[in-house]
Amino acid sequence: MSRLTGSDTQSPMTRRGFLIGMTATGVAFGFPQASSAAMNPAAADGMPVMPNGQTFEPSIWYWIDADGQVNVNIIRAEMGQHVGTAIARILADELEVAWENVHITHVDTDEKWGLMVTGGSWSIWQSWPVYRQAGAAGRTALIEAAAAKFGVDASTLTARDGLITDGTQSISYGDLVADGLDRTFTQDELAALPLKPHTDLRLVGQDVHPLDVDAKTTGQAIYGLDAKVDGMVYGVPMMPPTRYGSKVNSVDDSGAKGIKGYVETVVLDDPSGTVPGWVVVLGKSLYAAQSAAFEISVDWTAGETANVSEDDIQARGRELINGDAGSILHTEQPETAAVFDAAADTLEAEYTTQSVLHFQMEPVNATVFQNADGIWETHSGNQWQSLILPTLAVALEVPADKIVMRSYMLGGGFGRRLNGDYIVPAALASKAVGKPVKLVFSREQDSQFDSIRSPSVQKLRMAFDGAQAVTGMEHHAVAGWPTKVMAPGFMPKGVNDEPYDPFAIDGADHWYSVGAHLVRPISNDLAEQTFRPGWLRSVGPGWTNFALESFMDEAAHKVGADPLQFRLDHLTAEGMNAGSAPNAVGGASRQAAVLQRVAEMSGYGNTDLPDGTSMGIATTFGQSRTMPTWTAAAVQLAVDSETGDVNVEKMWLAFDCGTVVDPDGARAQCEGAALWGLSMALHEGTRIEDGNVVDLNLGAYTPLRLENVPEVEIEFVESAEVPVGLGEPGTTVIAPAIANAIFNATGARLRHLPITSEAVLSAMKS
């Protein structure tokens, strides 16, 4: 029977045919109770599965209907990582249902879902216990119902593929649901439910067909750019001269009035302070709005950062490092002064990184309107609904429960859409004109408004005794802090009672045993005044691990040790580095294991390489100590002695992420992360000039090109431990491995990202 809403003869919905229909009851998507991201590729025409008759909802996370179909509710954003497939299989495995009967719905905002965020490599780690318990609850309830029906003890029954049997009689989940079930569980009962042994898991760790891939490959998947609504006008922003503090003095739109389809120009009044000094040009078509914008003149007064440069920001960072600002992280022995005073020798180095842009494929956009019930509808791809919802409430001056956010697939996120600031101007424009507004950013506007990865300055120090043993280490890191700016409630306090942004220092609190260990994150106030720092795939570990693993290499060479053995000697699972259950079982010993594994995979130490060709290694534990994914990489590259060009020939990576839930998705995540790590190491980086980034499109900003993609070999350590994150760790380990390989090939030590051929050539000559 058809699983679709409407008749069997309904025309298939295509992306370009997608229409938000305004009705008396609000908004109809053509698939009630489901958002645009929830299009189900298992259905015949891409529409989501709707329940047939009676349903059983053991928890808010899913329902089962009378046909035995299972719909899993997903609060995580889909941006190419198949997160719904991974989460649904966790539940389906524990529930014991056939994969072909499993479907997903990416839900809209509602308080019952709790924190809605997709970032930090948290999705699988946080979902694992929740969805396993939910699946176990459903399986338990269904078995109990079957036992009552058969008049037997529940312990004599087994469940498999949606069917319960005692060996002589059987009943399906669908039939049990059709008879009616209302079993509920308390939190204590859920926690006490027995979960399947790891050896009995049949979907986790196996290859299955991703639940979203068909809709993507047939063009039926819906992205924010596809949303339309009757009566909608298109908007394009005119960007103010500075991110903060700009004021509009006057607008002259006389030149635009002759353009067909031009509607009006709106100066936004933003109580939330998200988009100060913004002007939005409206048209009946996107082309009309864009054309009109070229003919409109705006006179602005710029904010105080109109003359700030990247060099100014980095100079401020060095000034802060040399002072006493910042937080002190909880380490086993954060007091280092006495150790350095008594040291027989010390090593010190500075590392810097440039500003980095996101450049996700789909530029940011949002469609916003107030529906017939007075509810504000936002339609956009977003990674952190819980973050931007309160801001929208302030901007629109309405209670948060008068706003609903509809979730769409993302044409790339990478952390940019954790900050939903781009929805605010669409909402304000809609409020100003009293009609739906679809705001679309051009690539250049997207770049100028990007929540960039902040430039950083770091100073590392190491102390040695007379036998050249490490006795202490310091890591000072300065950058703009995204969490401080956008989510200060997520900032813990250090031992000196000062708050810090964990996403701007993760990685520096490493698992090496180095004696006294001081980690001091410092917020760069000038960076935060100039732009809105953002989360970008690994955030701080992208700079902290570059510095740390380059510095460990430098330390090894200073004492005449093999860089691999030097690391292994200091990855001792003792004290705080012994690890803890459930997320960091084994501690430093697991990081040592992946490091040894990648050395074996790559043949690290092989001296039979051509002149100018060498290998470098590095190891990290992204994303953080609270959920470490043990990671190691080796890179083989060649350096042209005449030009300084670096050609990466092959990269090897080993990961221990605990249980691998979705093998294909895991590999894709790690490959993509490693290649972006390579891109940010050698190619990507912009600069701040006159308060703004200078590179606004891909003609000037040149990420890794296909012709420069090396061979990548990836292995996962088999493990039954808790699954942790895989979206970001692969980005953090490549840059230091490259820097270390360049040193091994040329003797030149590079301490700035990106590593340009000019910098390599200069270092080789110095």
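How many aromatic pairs does the count come to? The count comes to 14 aromatic pairs, where rings of Phe, Tyr and Trp (its six-membered ring) pair if their centres lie within 6.5 Å.

## Basis of the report

This is a predicted model, in which local features need pLDDT of at least 70 and side-chain atom pairs count only at pLDDT 80 or more, while totals for chains, interfaces and linings use all residues. Residues are numbered from 1 along each chain as its sequence is written, and side-chain values use heavy atoms, with hydrogens and water left out.

## Aromatic pairs

Ring pairs are sorted by the angle between their planes: under 30 degrees is stacked, over 60 is edge-to-face and the rest are tilted. Trp 61 and Trp 113 are a tilted pair, because their planes stand at 45 degrees, with 5.6 Å between the ring centres. Trp 61 lies in the loop between β3 (55–59) and β4 (62–65), and Trp 113 in the loop between β6 (102–106) and α2 (123–150), so the pair ties together parts that are 52 residues apart in sequence. Helices (H or I, at least four residues) and strands (E, at least two) are DSSP runs, numbered from the N terminus. Both Trp 61 and Trp 113 are buried, that is, under 20% relative accessible area; exposed is over 50% and partly exposed is in between (1.4 Å probe, protein chains only).

Phe 414 and Trp 676 form an edge-to-face pair, 4.9 Å centre to centre with 75 degrees between the planes. This pair links distant parts of the chain, 262 residues apart: Phe 414 is in the loop between β18 (403–407) and α10 (423–433), and Trp 676 is in helix α17 (residues 663–682). Phe 414 is partly exposed at a relative accessible area of 28%, whereas Trp 676 is buried at 11%. One aromatic cluster consists of Trp 61, Trp 113 and Tyr 131.

## Charges over rings

A charge sits over a ring if NZ of Lys or CZ of Arg is within 6 Å of the ring centre and within 35 degrees of the ring normal. Arg 749 has its charged end over the ring of Phe 743, 4.1 Å from the centre. Arg 243 lies over the face of Tyr 244, and here the distance from the ring centre is 4.9 Å.

## Salt bridges

Side chains of opposite charge can pair when their charged atoms come close. The count of salt bridges comes to 39; each is a side-chain nitrogen of Lys or Arg within 4 Å of a carboxyl oxygen of Asp or Glu. Arg 139 bridges to Glu 94, with the closest N and O atoms 2.8 Å apart. Arg 139 in helix α2 and Glu 94 in helix α1 (residues 83–95) are 45 residues apart, so the pair links distant parts of the chain. Arg 139 is buried at 14%, and Glu 94 is buried at 0%.

Glu 397 and Lys 431 form another salt bridge, with closest N and O atoms 3.3 Å apart. Glu 397 is in the loop between α9 (385–396) and β18, and Lys 431 is in helix α10, 34 residues apart. Glu 397 is exposed at 60% relative accessibility, while Lys 431 is partly exposed at 37%. Asp 553 and Arg 567 are joined at 3.1 Å between the closest N and O atoms. This pair links helix α14 (residues 541–558), which holds Asp 553, to helix α15 (residues 563–570), which holds Arg 567. Both Asp 553 and Arg 567 are buried. One network, made by salt bridges that share partners, joins Asp 93, Glu 96, Arg 160, Asp 161, Lys 196 and Arg 202.

## Strand β16 and its partners

Strand β16 (residues 365–370) is largely enclosed by the rest of the structure, because five of its six residues are buried. Two strands pair if DSSP finds at least two bridges between them. Four bridges join β16 to the antiparallel strand β19 (residues 437–440), where Val 440 is the bridge partner of Asn 365.

β16 also pairs with strand β17 (residues 376–380), in the antiparallel sense and over four bridges. Gln 370 has Trp 376 as its bridge partner in β17. The hairpin of β16 and β17 has five residues between the strands, and Gly 374 in this hairpin takes a positive phi near 85 degrees.

## Thr 265

Thr 265 is placed in strand β12 (residues 262–267) and counts as buried at 17% relative accessibility. Its side chain makes a polar contact with the side chain of Tyr 262 at 2.7 Å. A polar contact is a pair of N or O atoms within 3.5 Å; within protein, one must be able to donate a hydrogen and the other to accept it, and residues adjacent in sequence count only if both atoms are side-chain atoms.

Leaving aside neighbours within four places in sequence, Thr 265 is in contact (heavy atoms within 4.5 Å) with Val 251, Asp 253, Val 279, Val 280, Val 281 and Ile 296.
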